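User: I am new to this kind of picture. Could you show me how to read a structure, feature by feature?

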Amino acid sequence: MKGMKLWAFLFTATLMSAEPVSNPAEWSKEARKETLTVFQREVYGVNPAGKVASEWVLDRERKVMEGTVVQREYVLTLGGTLKVRALLYLPVGKKDVPVFLGLNFRGNHTVEDGEWITKANDEKRGKAVGRWPVEMITKAGFGLVTIHCDDFDPDEDDGFKNGVHALFEGERNGTSWGTIAGWAWGLSQVREKLEMVPEVDAEKVVVIGHSRLGKTALWAGASDEKFAMVISNNSGCGGAALSKRKHGETVARINKVFPHWFAGNFRKYGDKEETLPVDQHQLIACIAPRPVYVASASKDDWADPEGEFLALKMAAPAWGEVLGEMPEPGGEVGKAGKVRYHLREGKHDIKEWDWERYLEAAKELL
């Protein structure tokens with residue numbers, strides 16, 4: 001495969017020794033902690049120490065889809081001031097329900113075309129309904145929880161004055177957490193609160209995300225071992241794609257356009273990706289031994305589908321697995337193990353075609 005020999009050397013058991021991984025246990029015990037520390041310092045930022053007070057309250061609920069699904073809105077209050085609204089769907093009459101947890105871009109009200117969901121902003125209701133096939137998910141026996149990413153932190157360079165960053169005091173420096181880390185931290189807060197929802201199996205929470213929220217899902221799943229499975233959809237640079245390939249969106253470009261996403265230190269590596277002490281295959285490996293699913297789209301060159309696949313392929317030894325070649329559009333690999341990949345035909349998006357495969361994998365692996 002194009003590029004495979006060039007990047008084969010990248011997967012190392014420890015950052016300093018450059019020795020190949022010999023077995024999954026070695027990676028899990030020795031390299032994971034060290035690798036996460038470097039990703040915190042150089043890429044996503046270090047979360048501040050300490051906790052904030054939190055409260056999880058059921059605001060309202062109703063039954064939908066001819067009474068087969070219960071729909072709820074919960075309000076998570078952080079630090080006494082930050083209000084986060086979580087939208088939850090569960091199949092009625094089920095216990096120990098596994099749940100997909102993911103952030104959305106435009107507001108919970110865009111997930112469904114109707115007046116019931118609390119409107120977050122002026123975005124059109126139901127605008128993103130195609131990305132969240134609630135009926136498919138609940139019929140498969142799963143729940144869904146989604147939160148507007150801006151509830152945790154606005155997706156803009158506001159000097160980190162709002163959202164979760166405002167809950168913690170202290171001077172910022174090159175290692176301070178960015179917005180992706182703030183979003184990931186928020187996902188972990190919700191995961192914890194799902195233990196209070198009686199129908200939910202809180203040990204079977206799948207964190208999922210598309211695009212920049214796919215980057216977030218990977219970081220959340222790597223840094224929080226209580227997520228049972230991690231799904232990255234078209235996450236690209238700073239997500240599943242190898243930074244050192246310098247293909248599609250680059251480190252320099254992403255830090256110029258979205259400087260708030262990452263730690264300040266990540267900017268040092270713009271046009272100097274070869275000096276990065278880590279690359280994204282090592283982030284994926286930090287998810288082991290839990291299942292991971294990376295997906296690309298054939299016409300999404302900006303997210304570098306080949307770079308996403310190569311990163312997963314090089315991470316696979318952490319699970320004791322070996323992946324084959326990158327599939328043609330519409331194809332899948334790794335269906336027999338915990339490391340899964342597919343290449344969907346089409347553009348940068350998350351479709352029902354993707355969800356069908358995520359549900360199939362979650363049914364088998366959880």
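Analyst: We will go through the sheet, the helices on it, some backbone details and the cavities. Keep in mind that this is a predicted model.

User: Let us begin with the sheet. In what order do the strands of the open sheet stand?

Analyst: The general idea comes first. Strands of a sheet pair through backbone hydrogen bonds, either parallel or antiparallel. Here 10 strands form an open sheet with mixed pairing. The order is S1-S2-S3-S5-S4-S6-S7-S8-S10-S9.

User: Which strands stand at the edges?

Analyst: Strand S1 (54–64) and S9 do. Each has a single partner strand, so one side of each has no neighbour in the sheet. From one strand to the next, the twist averages 20°.

User: Show me an antiparallel pair. How many bridges join S2 to S3?

Analyst: Strand S2 (residues 69–78) and strand S3 (residues 82–91) run antiparallel, and 10 bridges join them. To find the pair in the model, look for valine 70, which stands opposite leucine 90 in S3.

User: And where do I find parallel pairing?

Analyst: Go to S8. S7 and S8 pair in the parallel sense over four bridges. Valine 230 has valine 292 in S8 as its bridge partner. S8 also runs parallel to S10, with six bridges between them. There, serine 296 has leucine 343 in S10 as its bridge partner.

User: Is S8 buried or exposed?

Analyst: Six of the six residues of S8 are buried, so S8 is largely enclosed by the rest of the structure. Check both faces. Val292, Val294 and Ser296 are buried on one side. Tyr293, Ala295 and Ala297 are buried on the other.

User: Now the helices. Which strands does helix H6 lie across?

Analyst: Helix H6 (residues 212–223) lies across strand S4 (97–104), strand S6 (200–210) and strand S7 (229–233). H6 runs at about 140° to S6.

User: What does H10 touch on the sheet?

Analyst: H10 touches S4, S6, S7, strand S8 (292–297), S9 and S10. Its direction makes about 165° with that of S10.

User: How do I read the backbone angles?

Analyst: Most residues other than glycine have a negative phi, and most peptide bonds are trans. Now look for exceptions. A cis peptide bond joins alanine 288 and proline 289, with omega about 10°.

User: Where is proline 289 found?

Analyst: Proline 289 sits in the loop between helix H8 (280–285) and S8. Leaving aside neighbours within four places in sequence, proline 289 is in contact with Trp319 and Lys338. Now find valine 339. Proline 289 and valine 339 are 50 residues apart along the chain, and their C-alpha atoms are separated by 9.5 Å.

User: Which residues show a positive phi?

Analyst: Phenylalanine 160 is one of them. Its phi is about 60°, although phenylalanine 160 is not a glycine. Look for it in the loop between helix H4 (149–152) and helix H5 (179–193). Phenylalanine 160 has 14% relative accessibility, so it counts as buried. The cut-off for buried is under 20%.

User: And asparagine 234?

Analyst: Asparagine 234 also has a positive phi, near 55°. It lies in the loop between S7 and helix H7 (251–257). With a relative accessible area of 1%, asparagine 234 is buried.

User: What lines the second largest cavity?

Analyst: The second largest cavity holds about 40 Å³ of space. Among its lining residues are Tyr293, Glu332, Arg340 and Arg357. Strand S9 (331–333), strand S10 (339–344) and helix H10 (352–365) each give two or more residues. H10 gives the largest share, three residues. By class, the lining of the second largest cavity has four nonpolar, no polar and five charged residues.

Notes:
Residues numbered from 1 in each chain as written. Predicted model: local features only at pLDDT ≥ 70, side-chain atom pairs only at ≥ 80, totals over all residues. Heavy atoms only, no water. 1 Å grid on protein atoms, 1.4 Å probe; cavity = no way out; pocket = protein on both sides within 12 Å on 5 of 7 lines; lining within 4 Å. Points joined across faces, edges and corners; volume = space filled by probe spheres on them. Nonpolar A, V, L, I, M, F, W, Y, C, P; charged D, E, K, R; others polar. Pairing = 2+ DSSP bridges. Axes fitted to C-alpha atoms, helices over the stretch in contact; angles between N-to-C directions. Contact = heavy atoms within 4.5 Å. Buried < 20%, exposed > 50% of the residue type's maximum accessible area, 1.4 Å probe, protein only.
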